[in-house]
Amino acid sequence: MSAGRTNLFVKIAVSVMVVVCVVTIMRLQMQFNDLNEERKELIKQVEVVREQNEELEAEIERPFDEEYITRVAREKLGLHKPEEIIYYNDLN
């Protein structure tokens with residue numbers, strides 16, 4: 001091979017390597033951005049779950065007094081006291 005052809009081959013090889021490196025860096029940057037957005041969403045979800053956890057822990061800490069039992073019976077079980085009259089309104 002002559003020096004001119006070798007020099008041209010080296011230039012082409014270096015150019016191809018530069019293009020491959022640039023494309024790889026761009027692809028990695030896009031993946032990094034996607035992962036960073038996913039991380040932010042997961043952090044938000046963790047915060048929501050922590051708040052729910054705190055609410056549930058506070059509910060567990062409450063004493064089982066008459067008011068609590070009545071509230072749970074009404075809200076969760078749909079019960080009412082025998083002397084109560086329940087009115088339903090389906091007008092919106």
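Mentor: Let us begin with one pair in this predicted model. Glu-41 and Lys-44 form a salt bridge through their side chains, with an N to O distance of 3.8 Å.

Trainee: What is the general idea behind side chains of opposite charge?

Mentor: Side chains of opposite charge can pair when their charged atoms come close. The cut-off used here is 4 Å between a side-chain nitrogen of Lys or Arg and a carboxyl oxygen of Asp or Glu. By this rule, the count is four salt bridges.

Trainee: Where do Glu-41 and Lys-44 lie, and how far apart are they in helix 1?

Mentor: Both belong to helix 1, which covers residues 3-61. Glu-41 and Lys-44 are three residues apart there, so about one helical turn separates them.

Trainee: Which of the classes, buried, partly exposed or exposed, applies to Glu-41, and which to Lys-44?

Mentor: The relative accessible area decides the class: under 20% is buried, over 50% is exposed, and values in between are partly exposed. Glu-41 has 43% and is therefore partly exposed, whereas Lys-44, at 52%, counts as exposed.

Trainee: Which residue meets Glu-75 in a salt bridge?

Mentor: The partner is Arg-71, and the N to O distance is 3.7 Å. Glu-75 and Arg-71 are four residues apart in helix 2 (residues 66-75), so they too are separated by about one helical turn. Glu-75 is exposed at 56% relative accessibility, while Arg-71, with a relative accessible area of 27%, is partly exposed.

Trainee: What does the salt bridge between Arg-74 and Glu-84 look like?

Mentor: The closest N and O atoms of Arg-74 and Glu-84 are 2.6 Å apart. Arg-74 lies in helix 2 and Glu-84 in the segment after helix 2, so this pair ties together parts that are 10 residues apart in sequence. Arg-74 is partly exposed, at 37% relative accessible area, and Glu-84 is partly exposed as well, at 25%.

Trainee: Let us turn to surface patches. Which residues make the nonpolar surface patch?

Mentor: A residue needs over 30% relative accessible area to be part of a patch, and nonpolar side chains are joined within 5 Å. In this model, Phe-9, Val-10, Val-14, Val-18, Val-22 and Met-26 make a nonpolar surface patch of about 570 Å².

Trainee: Where is Phe-9 found, and is Phe-9 buried or exposed?

Mentor: Phe-9 is located in helix 1. Its relative accessibility is 57%, so Phe-9 counts as exposed.

Terms used: Residues are numbered from 1 along each chain as its sequence is written. This is a predicted model: local features need pLDDT of at least 70, side-chain atom pairs count only at pLDDT 80 or more; totals for chains, interfaces and linings use all residues. Side-chain values use heavy atoms; hydrogens and water are left out. Helices (H or I, at least four residues) and strands (E, at least two) are DSSP runs, numbered from the N terminus. Buried means under 20% relative accessible area, exposed over 50%, partly exposed in between (1.4 Å probe, protein chains only). Patches are made of residues with over 30% relative accessible area and no salt bridge: like charges are joined within 9 Å, nonpolar side chains (Val, Leu, Ile, Met, Phe, Trp, Tyr) within 5 Å. Accessible areas come from the Shrake-Rupley method with a 1.4 Å probe; for residues, only the protein chains shown count as cover.
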